[in-house]
Amino acid sequence: MGWRTTASGVVLAALTASFATGCADSSTESGAAPESGDAAKESTTGQGLRSTMDAIAERGELRVCSTGDYRPFTYRDANGAWSGIDIDMARDLAAELGVRATIVATTWESLSEDFAQRCDIAAGGVSVTLKRAKEAFFSDAYVVDGKTPITRCENAARFLTLEQIDRPGVRAVVNPGGTNEKFAREKLHRAEIVPHPDNNTIFEEIRSGRADLMITDGAETKWQARQHPELCAVHPDQPFTFSEKAYLLPRGDVVFQQFVNEWLHLRKHDGTYDRIARPWIG
């Protein structure tokens with residue numbers, strides 16, 4: 001919504017002054033420790049109102065936390081090269097800010113901690129959850145999705161419902177630490193839950209027959225089914241749940257949040273997002 005009156009402008013100024021915080025400037029090495037406590041606070045407030053945008057500009061770098069194991073949104077190959085819809089979108093955001101993008105590797109288990117300490121934004125199919133919303137801000141959502149099964153095609157009719165899945169002898173593979181594992185452990189009580197530590201190779205467990213299925217986001221099931229014809233996404237457009245994907249942003253920084261939301265709004269309407277996503281999801 002636009003701010004079109006003097007009164008609204010005063011409100012916006014009050015909001016940003018009350019809630020905006022900045023990221024402490026730090027080394028561009030992805031493993032460097034951030035400024036601690038009082039030093040970080042002083043660096044963001046000592047010269048008046050500051051935002052993460054100011055720290056990014058001074059550093060010349062947008063630090064992006066990503067797991068690299070969740071295609072089509074994020075992928076890191078064996079040589080360390082990054083790709084994916086959200087990786088390219090983050091690079092576009094960095095270019096708009098006039099800085100370089102540095103991708104910082106994280107895991108789903110350590111995402112919140114790594115983001116708070118080392119990054120300006122987290123991207124890569126991050127689901128909006130209330131737990132994460134306690135710790136950080138979210139951008140506007142850019143994908144609506146939900147949990148749905150993926151299995152070998154000959155088994156697709158066996159796993160249409162949670163009742164069919166949650167039976168003794170059914171093996172549901174999960175990647176530890178994310179919303180997939182949380183959903184499986186909440187909903188499956190008789191089926192066997194099989195943790196697999198590497199989300200880049202987890203679908204091989206289904207292809208090889210070591211697991212019967214995985215319940216994950218519809219976007220991921222569609223991408224994997226395109227890569228592996230023997231796998232079928234089970235009703236990905238009618239998932240078990242409702243969820244949204246968004247970018248994780250520093251808690252309290254309204255200035256940066258509004259900029260990212262405006263950038264995302266424009267990219268969703270000027271063809272940029274569709275151009276980036278098309279090679280991954282068609």
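In this predicted model, the crossing of helices H4 and H12 is right-handed. H4 covers residues 85-97, and H12 covers residues 272-281. Two packed helices are described by the angle between their axes and the distance between the axes. For H4 and H12 the angle is about 155°, and the axes lie 9 Å apart. H4 is therefore roughly antiparallel to H12, since angles over 145 degrees count as such. On the H4 side, the contact is made by Ile-85, Asp-88, Met-89 and Asp-92. Their counterparts in H12 are Thr-272, Tyr-273, Ile-276, Ala-277, Trp-280 and Ile-281. By class, the contact of H4 with H12 comprises 7 nonpolar residues, 1 polar residue and 2 charged residues.

H4 also packs against helix H11, which spans residues 254-269. Here the angle is about 115°, and the axes are 11 Å apart. The two helices are therefore roughly perpendicular to each other. The crossing of H4 with H11 is right-handed. H4 contributes Met-89, Asp-92, Leu-93, Glu-96 and Leu-97 to this contact. H11 contributes Phe-256, Phe-259, Val-260, Trp-263, Leu-264 and Arg-267. The residues of the contact of H4 with H11 divide into 8 nonpolar and 3 charged, with no polar residue.

Strands form another part of the fold. Strands of a sheet pair through backbone hydrogen bonds, either parallel or antiparallel. Strand E3 comprises residues 74-76 and is joined to E4 by 2 bridges. E3 and E4 run antiparallel. Across from Trp-82 in E4 stands Arg-76.

Covalent links were examined next. The structure holds 2 disulfides. One of them is formed by Cys-65 and Cys-119, whose sulfur atoms are 2.1 Å apart. This pair links distant parts of the chain, 54 residues apart. Cys-65 belongs to strand E1 (residues 61-66). Cys-119 lies in the loop between helix H5 (111-118) and strand E6 (121-122). The torsion about the S-S bond of Cys-65 and Cys-119 is about 75°, so this disulfide is right-handed.

Terms used
Residues numbered from 1 in each chain as written. Predicted model: local features only at pLDDT ≥ 70, side-chain atom pairs only at ≥ 80, totals over all residues. Heavy atoms only, no water. Pairing = 2+ DSSP bridges. Helix = DSSP H or I, 4+ residues; strand = E, 2+ residues; numbered from the N terminus. Axes fitted to C-alpha atoms, helices over the stretch in contact; angles between N-to-C directions. Parallel < 35°, antiparallel > 145°, perpendicular 65-115°, else oblique. Left-handed = near helix turned anticlockwise from the far one by under 90°. Contact = heavy atoms within 4.5 Å. Nonpolar A, V, L, I, M, F, W, Y, C, P; charged D, E, K, R; others polar. Disulfide = S-S within 2.5 Å.
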